[in-house]
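Hello,

Here is the structure I promised to pass on. Please have a look at it, then read my notes below.

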Amino acid sequence: MTNIAVEPIPQHVAIIMDGNGRWAKQKGKMRVFGHKNGVIAVRNAVSYARKIGVKFLTLYAFSSENWNRPEQEITALMTLFMQALDLEVKKLHQNNIRLKIIGDTSRFSESLRRKIARAEKLTENNTALVLNIAANYGGQWDIVQAVQKVANMVKDQQLEVDQISPQLFEQYLVTQDQPAVDLLIRTSGELRISNFLLWQIAYAELYFSQVLWPDFNEEEFEQAVQAYQKRHRRFGGIE
Ligand code: IPE
Ligand code: IPE
Ligand code: MG
């Protein structure tokens, strides 16, 4: 059914899933209604990515700045996250998908952290797709936590300062051992990064969709991949 050219399929796709609130508002509903429908769009995006052979999919679910929202909305988002973990992990596992939660989980409740650890453990040997869910994630936080690890190694004399290279440094980011992002998608028409992956998108192709996240379906995803396939990636060189 897909019109996707076989090549090149982006190895790593990252998505800023934005517009749930506006989607709900358009329908005269509460913002939470938008988030609930956003979960359905997540399910479709994961299944589509796996189908076309994307190997790493990173979804921005909750940013380090989203704590600025009203408490009621934060609670609703955490509840949805817990529910999704309960309901979806088995299916992910059956589909050979490895789940990783990237972000500062220290601020999450004990029970949520336990669920996360169990889900990651269950799926750790799966090979079809790595699904990174960015939760309490910030690109600046990611870089700083890597700096702290590297600095500690220097302090403990396990590392010389001049051994610090981009290749070494990125091993301490939460995406260690994963390839850089090839395609970054943001929905809802906003043209910004909002502190998502910073280091990892150094050479990503950017794609902005007007569609609000709950409406981001297989056709929309396909359009993004098709746009990616028409891009000329030069990485600073010449063709
Ligand atoms: C994205 O939708 C989901 C999260 C940030 C959790 P929003 O909640 O940001 O929806 P808008 O941007 O207000 O429409
Ligand atoms: C970015 O969306 C965060 C997520 C999608 C999780 P926001 O809606 O929080 O971003 P801003 O505030 O519009 O930049
Ligand atoms: Mg938003």
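Which residues have the most contacts inside the largest nonpolar core? They are Ile15, Leu57, Phe81, Leu99, Leu131, Ile185 and Phe221. The core has 44 residues. Helix H3, residues 71–94, gives the most to this core, with seven residues. Keep in mind that this is a predicted model.

Take Phe81 next. Leaving out residues up to four places away in sequence, Phe81 touches Ile101, Phe108, Leu112, Ile116, Ile133 and Ala135. Another core lies apart from the largest one. That other core has 13 residues, among them Ile16, Ile102, Val174 and Phe196.

Now helix H2. H2 covers residues 31–52, 22 residues in total. From first C-alpha to last, H2 reaches 32 Å, close to the 32 Å expected at 1.5 Å a residue. The buried residues of H2 are Gly34, His35, Asn37, Gly38, Ala41, Ala45, Val46, Tyr48, Ala49 and Ile52. What covers them includes helices H1 (20–26), H3 and H7 (218–230). The cover also includes strands E2 (56–63), E3 (97–102) and E4 (129–137). Gly53 follows H2, and its phi is positive, near 95°.

Beyond residues up to four places away in sequence, His35 touches Asn20, Arg69, Glu73, Leu77 and Leu80.

The largest pocket has a volume of about 1100 Å³. It is lined by 45 residues, and the closest to its centre are Met17, Val42, Tyr60, Ala61 and Trp213. H1, H2, E2, H3, E3 and E4 are the elements that give two or more residues to this lining. By class, the lining of the largest pocket has 23 nonpolar, 10 polar and 12 charged residues.

Last, Gly138. Where does Gly138 lie? It is in the loop between E4 and helix H5 (139–155). Gly138 counts as buried because its relative accessibility is 0%. Not counting residues up to four places away in sequence, Gly138 touches Tyr60, Ser64 and Asn195. Gly138 and Ala151 are 13 residues apart in sequence, and their C-alpha atoms are 20 Å apart in space.

Best wishes

Conventions. Residues are numbered from 1 along each chain as its sequence is written. Chains are lettered from A and ligands numbered from 1 in the order in which they are written. This is a predicted model: local features need pLDDT of at least 70, side-chain atom pairs count only at pLDDT 80 or more; totals for chains, interfaces and linings use all residues. Side-chain values use heavy atoms; hydrogens and water are left out. A nonpolar core is a set of buried Ala, Val, Leu, Ile, Met, Phe, Trp, Tyr and Cys residues joined through side-chain atoms within 4.5 Å. Buried means under 20% relative accessible area, exposed over 50%, partly exposed in between (1.4 Å probe, protein chains only). Helices (H or I, at least four residues) and strands (E, at least two) are DSSP runs, numbered from the N terminus. Contact means heavy atoms within 4.5 Å. The expected span of a helix is 1.5 Å times one less than its number of residues. On a 1 Å grid over the protein atoms alone, a cavity is a set of points where a 1.4 Å probe fits but cannot get out, and a pocket is an open set with protein on both sides within 12 Å along at least five of seven lines; lining residues have an atom within 4 Å of a point. Grid points are joined across faces, edges and corners, and a volume is the space filled by probe spheres set on the points. Ala, Val, Leu, Ile, Met, Phe, Trp, Tyr, Cys and Pro count as nonpolar, Asp, Glu, Lys and Arg as charged, and the others, Gly among them, as polar.
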